[in-house]
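Subject: Structure handover

Hello,

Please find the structure below, with the sequence alongside. My notes on what was found in it follow.

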Number of protein chains: 2
Amino acid sequence: MKLTFSPASPFARKVRIAAIELGLIDAIEFVPAAVVPGQANEAYSRLTPLKKLPVLILDNGEVILDSYVIVEYLDELSGGGKLIPAGGPERWRIKSEHSMLQGMLDSMLLCRYEKFARPQGTHWDAWHDDHWNRAWSGLAHFARQPDLASRPFDVVAIGLVCVLGYADYRFQHCGWREAFPQLEAFNRAMMDRPSVRISAPPT
Amino acid sequence: MKLTFSPASPFARKVRIAAIELGLIDAIEFVPAAVVPGQANEAYSRLTPLKKLPVLILDNGEVILDSYVIVEYLDELSGGGKLIPAGGPERWRIKSEHSMLQGMLDSMLLCRYEKFARPQGTHWDAWHDDHWNRAWSGLAHFARQPDLASRPFDVVAIGLVCVLGYADYRFQHCGWREAFPQLEAFNRAMMDRPSVRISAPPT
């Protein structure tokens, strides 16, 4: 299998951590890819019209997207129920919380593009602030969870690690550590895992 | 169960069609909701930090997001394997194609916001064209499928119907019917289903 990858992509990081935790990392060839908003990349668009990282390319040529579906696929490949509960109400809670994390990352990327990709003079602060507020309110949601420190290392823990890593990478001064000490403790504990530590975004 | 709903939302339409097809429509109370980019909606943000439609609120108060996870949940509730294959390679093909449709809708909404929500003078054409190209390339991907006319009525068929309906609703002159007669034939056939017809966006 091949995975399109960039060390800057929090979505690619999620799959990388999952692959390491599931013991599948050696079965995946990482293929560097770069996509820039507002710029064409025809070769990559042929792989996926959405032009997003990552996609998983199976040996038979089939392409799996997006990052969450890839994690589900890898989880099933390694027996199932390891990073996503196989059944019961817990399954839906985890899927739903992962959707929240995915949307938080989407909003953070929109904030990043708004501030740093748009040409001078085309910024719309209300849009930026709306999306930042979504991400921040999502952090508050997770910070409120009483079982955060003891939760299993599942796709939600991985997703939250990727959100926090992306906050450090692109929003260094946003102050999430000060605002949410529970998340800071969670993140510090997670960094003990090699999969989380070695996949941290570049500084 | 309650579903937050707007007749203008292609994501809410997807869940509505699924609920009708699965025989669950009478078990769901539709709760009108409105979210506008760049405008706060604190009551709705308390329900979901992402401030997106739809969410499903279970009788025990748990909230399920996003629209795809809700469809999966309803599918399982009605026995499973009806709108999403229960196993095998087909399962991953359907999940992956649905991810593509979801991303196409996300891009179409970004195009809409770029043209009609942003204040005068803050438009960035390259961003709009990049996202429109993603949606359009996605349409081309589905138009190329040889089995489009005979495919089962699953979450991908529903998603594609919602993409085409949203194109009619917000991009009336984009010319998808002329560019992709296969999609026009598919859409016409789908409109024979009451679930698809009655859920079409307002004109």
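In helix 1 of chain A, the buried residues are A:Pro10, A:Phe11, A:Ala12, A:Arg13, A:Lys14, A:Val15, A:Arg16, A:Ile17, A:Ala18, A:Ala19 and A:Glu21. Please keep in mind that this is a predicted model. With 11 of its 12 residues buried, helix 1 of chain A is largely enclosed by the rest of the structure. What lies over these buried residues includes strand 1 (2-5), helix 3, helix 4 (89-116), helix 6 (155-170) and helix 9 (194-198) of chain A. From its first C-alpha to its last, helix 1 of chain A reaches 16 Å, close to the 16 Å expected at 1.5 Å a residue. Just after this helix comes A:Gly23, with a positive phi of about 75°.

Next, the domains. Chain A is divided into domain 1, residues 2-77, and domain 2, residues 89-198. Their C-alpha centres are 20 Å apart. Where the two domains touch, domain 1 of chain A provides 12 residues and domain 2 of chain A provides 15 residues. On the side of domain 1 of chain A that touches domain 2 of chain A, the elements giving two or more residues are helix 1 (10-21) and helix 3 (67-77) of chain A. Helix 1 of chain A gives the most to that side, with 8 residues. Sorted by class, that side of domain 1 of chain A has 8 nonpolar, 1 polar and 3 charged residues.

Chain A also has an open sheet of 4 strands, in the order 2-1-3-4 and with mixed pairing. At its edges are strand 2 (29-32) and strand 4 (63-64) of chain A, each of which pairs on one side only. Strand 1 of chain A and strand 3 (residues 56-57) of chain A run antiparallel and are joined by 2 bridges. A:Leu3 stands opposite A:Leu56, which is in strand 3 of chain A. As background, strands of a sheet pair through backbone hydrogen bonds, either parallel or antiparallel.

Now the two chains together. How is chain B superposed on chain A? This takes a rotation of 180° with 0.0 Å of shift along its axis, and the RMSD is 0.0 Å. The two copies are thus related as by a two-fold rotation axis. In chain B, the residue that comes closest to the rotation axis is B:Thr122, with its C-alpha at 1.9 Å.

The contact between the chains takes 33 residues from chain B and 33 residues from chain A. On the side of chain B that touches chain A, at least two residues each come from strand 4 (63-64), helix 3 (67-77), helix 4 (89-116) and helix 5 (125-143) of chain B. The residues on that side of chain B divide into 14 nonpolar, 10 polar and 9 charged. Of the interface residues of chain B, 100% are also interface residues in chain A, so the copies meet through the same surface.

Is B:Gly79 buried or exposed? B:Gly79 has 10 C-beta neighbours inside 10 Å, and a residue with 12 or fewer is classed as exposed, so B:Gly79 counts as exposed. B:Gly79 and B:Leu22 are 57 residues apart in sequence, while their C-alpha atoms are 9.3 Å apart in space.

Regards

How values were computed. Residues are numbered from 1 along each chain as its sequence is written. Chains are lettered from A and ligands numbered from 1 in the order in which they are written. This is a predicted model: local features need pLDDT of at least 70, side-chain atom pairs count only at pLDDT 80 or more; totals for chains, interfaces and linings use all residues. Copies are superposed by least squares on the C-alpha atoms of residues with pLDDT of at least 70 in both. Two residues are in contact if their C-beta atoms, placed from the backbone, lie within 7 Å. Domain bounds come from an automatic or database domain assignment. Ala, Val, Leu, Ile, Met, Phe, Trp, Tyr, Cys and Pro count as nonpolar, Asp, Glu, Lys and Arg as charged, and the others, Gly among them, as polar. The expected span of a helix is 1.5 Å times one less than its number of residues. A residue is buried if 20 or more other C-beta atoms lie within 10 Å of its own, exposed if 12 or fewer, and partly exposed in between; C-beta atoms are placed from the backbone. Two strands pair if DSSP finds at least two bridges between them.
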